[in-house]
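Please keep the sequence and the coordinates at hand.

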Amino acid sequence: MTGPTAGRTDTATPRPPAWRAPAATRSNAVPAGAWWLWALGLATAASRTTNPLLLGLLVGVAGYVVAARRTDAPWARSYGMFIRIGLFVIAVRLLFSVFLGSPVPGSHTLFTLPELPLPDWAKGVRIGGRVTAEQLLFALYDGAKLAALLICVGAANSLANPARLLKSLPGALYEAGVAVVVAMTFAPNMVADVLRLRTARRLRGRPTGGVRAVLQIGLPVLEGALERSVAVAASMDARGYGRTARVPAAVRHTTNVLTLGGLLGVCAGTYGLLAAEGAGYGVPLLAAGLAAALAGLRLGGARSVRTRYRPDRWGVRAWLIAGSGAAVAAAMIWAGNADPAALHPGVVPLTAPVLPLWPAAAVLLGLCPAVIAPVPPSPTGFQEQV
């Protein structure tokens with residue numbers, strides 16, 4: 001073969017198809033707020049049902065997304081801890097049902113515990129007594145709902161960068177965000193100092209346990225933390241942290257009223273969404289509270305004179321991720337109003353729960369982040385960028 005192309009081989013890496021998610025970089029990383037909105041949508045859906053099949057499907061969806069899009073950062077390892085917390089919650093709920101009884105009647109007695117006699121003023125409360133299969137199944141459903149909610153929140157902790165989430169705070173929460181960032185920065189350093197000093201004492205043949213050793217280790221750790229705090233305070237003061245602009249008194253009062261009223265509305269609306277029969281007034285209250293709180297935060301941000309370095313960009317993928325969680329929550333709320341028996345299986349009489357098809361299909365919408373979110377690098381080549 002002759003010519004200018006003789007002896008050449010094409011070694012260019014083929015580009016992935018357009019429909020496939022790209023590799024994650026600092027420019028296309030999913031904002032932390034999108035992950036939290038997705039996880040809160042799944043948590044809202046979990047709070048609307050006690051069907052163990054739907055709850056297991058929600059946990060499976062959250063776990064699959066975490067496994068597919070989790071990085072090798074330190075906070076990404078917290079998902080297993082939330083699973084253990086969820087199992088602990090279920091165990092505690094079952095123990096309370098066994099020893100303190102349950103209002104659920106039942107005819108299938110499993111065993112009977114010695115009952116502790118209580119005074120007349122404690123009528124309706126018992127310790128010990130008969131334990132039925134119905135009350136244990138009711139406690140299992142109730143504990144599984146809370147465990148699924150915690151696991152969904154744990155998925156957001158594993159996927160969202162906490163430092164980037166704090167950087168996205170509005171200007172009104174700027175001082176609180178700075179304090180949290182400083183605390184999150186110094187806590188790992190103090191743990192590293194403790195480990196370093198204990199290793200040094202062990203190499204010198206000195207004891208690392210006991211009150212005396214703790215006192216001898218604690219003094220250098222506190223001294224190092226104080227020195228770092230003074231250095232960070234000086235650098236922050238040199239960069240203008242803590243300086244505020246002059247705002248009229250009327251604007252300050254309006255900001256306080258909007259923020260406080262908005263937070264109260266958010267609390268009342270959230271309670272309505274989580275309650276069994278409060279979806280009718282929960283959504284309007286939540287929307288009005290969010291609007292008032294956002295307006296108050298926008299006005300409060302006028303006090304903060306600052307710029308934001310490399311702010312997170314909400315692209316199409318971020319909105320799709322957040323929208324998928326909201327779609328799951330909306331579908332579950334609508335299903336709870338349309339067919340409450342499917343989402344809350346009965347325990348009297350004992351019947352096996354049935355998986356409702358279209359709510360289960362709506363839960364599968366939560367898998368969208370596993371397809372559209374950028375693919376993180378391999379653990380060996382990952383370097384987290386804040």
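What percentage of the residues in the chain is buried? Of the 386 residues, 34% are buried, where buried means under 20% relative accessible area, exposed over 50%, and partly exposed in between (1.4 Å probe, protein chains only). This is a predicted model, in which local features need pLDDT of at least 70 and side-chain atom pairs count only at pLDDT 80 or more, while totals for chains, interfaces and linings use all residues. Residues are numbered from 1 along each chain as its sequence is written, and side-chain values use heavy atoms, with hydrogens and water left out.

The chain has 13 helices and two strands, taken as DSSP runs numbered from the N terminus (helices: H or I, at least four residues; strands: E, at least two). With contact defined as heavy atoms within 4.5 Å, residues 24 or more positions apart account for 79% of the chain's contacts with a separation of 6 or more.

Beyond four places away in sequence, Trp38 touches residues including Ala62, Leu159, Ile321 and Pro369.

Among the cysteines, Cys152 counts as buried because its relative accessibility is 1%, whereas Cys267 counts as exposed because its value is 53%. The count of disulfides (pairs of cysteine sulfur atoms within 2.5 Å) is zero.
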